[in-house]
Amino acid sequence: MASANDSRQTTKDAADQNFDFMFKLLIIGNSSVGKTSFLFRYADDTFTSAFVSTVGIDFKVKTVYRNEKRVKLQIWDTAGQERYRTITTAYYRGAMGFLLMYDITNQDSFNAVQDWATQIKTYSWENTQVILVGNKCDLEDDRVIPTEDGKRLADDLGFVFFEASAKDNINVKQVFERLVDIIFEKMNESVDANQSIVSNSKPSPLSEHPPPSQSGCSC
């Protein structure tokens, strides 16, 4: 169970306005793949198998330090059921990163990855970064999705791939850290590209002045 200190820290993170960037992240995938457990393990370092299906959408806030910057993560936990899909996709806009999750013991959840990926492409901005997560890798005896199949699908979709376990706390922190890192990488690429465009443009009366600073954050 979360301690009083954990609760106070979560409240402090949510109210804290002192940060360099704020990244909106979404966890998506079929119902019962472990999205809520994954979020609680990362945000509060707690785990329970008694979660009921998420109704609609919920979120937690966590502040981290990456690249000498203070980054406020707004992490949205989405419902996987079809009847909530319209609500869920409404939150895709403005998301800078997604964890697209399937359950390694559930073939249907893996088969649905392509459809979820299509939704990301349809409803989010083109530079959104995605990590494909094969969750519940602690259930090796019940595995039906080989690791190689997950890697192959991630490669086909252009996503980074991890297998993880919220229950055993395997790769949970690493998944979020990698997602934040690749968001930063894409932001830096965008800034470099914009600076290149400015430097290669025709001279103008203001060409001796530096271009306006760009944070790369659309929040």
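Is Thr 78 buried or exposed, and what is its relative accessibility? At 0% relative accessibility, Thr 78 counts as buried (buried means under 20% relative accessible area, exposed over 50%, partly exposed in between, with a 1.4 Å probe and protein chains only).

The model is predicted: local features need pLDDT of at least 70, side-chain atom pairs count only at pLDDT 80 or more, and totals for chains, interfaces and linings use all residues. Residues are numbered from 1 along each chain as its sequence is written, and side-chain values use heavy atoms, with hydrogens and water left out.

**Stop 1: Thr 78.** Select Thr 78 in strand β3 (helices, H or I of at least four residues, and strands, E of at least two, are DSSP runs numbered from the N terminus). A polar atom of the Thr 78 side chain lies 2.7 Å from the backbone oxygen of Ile 27.

**Stop 2: the largest core.** Display next the largest nonpolar core, which has 30 residues (a set of buried Ala, Val, Leu, Ile, Met, Phe, Trp, Tyr and Cys residues joined through side-chain atoms within 4.5 Å). Two or more residues come from each of β1 (21-29), α2 (35-44), β3 (69-78), β4, β5 (129-135) and α7 (172-200). The most come from α7, with 9 residues. Leu 73 is among the residues with the most contacts inside this core. Beyond four places in sequence, its contacts (heavy atoms within 4.5 Å) include Phe 23, Tyr 42 and Val 180.

**Stop 3: Leu 100.** Move to Leu 100 in strand β4 (residues 97-103). Leu 100 is buried, with a relative accessible area of 0%. Among the residues that Leu 100 touches, beyond four places in sequence, are Ile 28, Trp 116, Val 130 and Phe 159. The C-alpha atoms of Leu 100 and Phe 159 are separated by 9.4 Å, although the two residues are 59 apart along the chain.

**Stop 4: helix α2 and its charges.** Colour α2, where 9 of its 10 residues are buried. Asp 45, which follows α2, has a positive phi, near 55°. The side chains of Asp 45 and Arg 41 meet in a salt bridge (3.0 Å, N to O), defined as a side-chain nitrogen of Lys or Arg within 4 Å of a carboxyl oxygen of Asp or Glu. Arg 41 counts as buried at 13% relative accessibility. Asp 44 and Lys 60 form a salt bridge at 2.9 Å, N to O. This pair links helix α2 with strand β2 (residues 57-66), 16 residues apart.

**Stop 5: the network.** Finish by selecting Arg 66, Lys 173, Glu 177 and Asp 181, which are linked in a network of salt bridges. The whole structure has 11 salt bridges.

Methods. A polar contact is a pair of N or O atoms within 3.5 Å; within protein, one must be able to donate a hydrogen and the other to accept it, and residues adjacent in sequence count only if both atoms are side-chain atoms.
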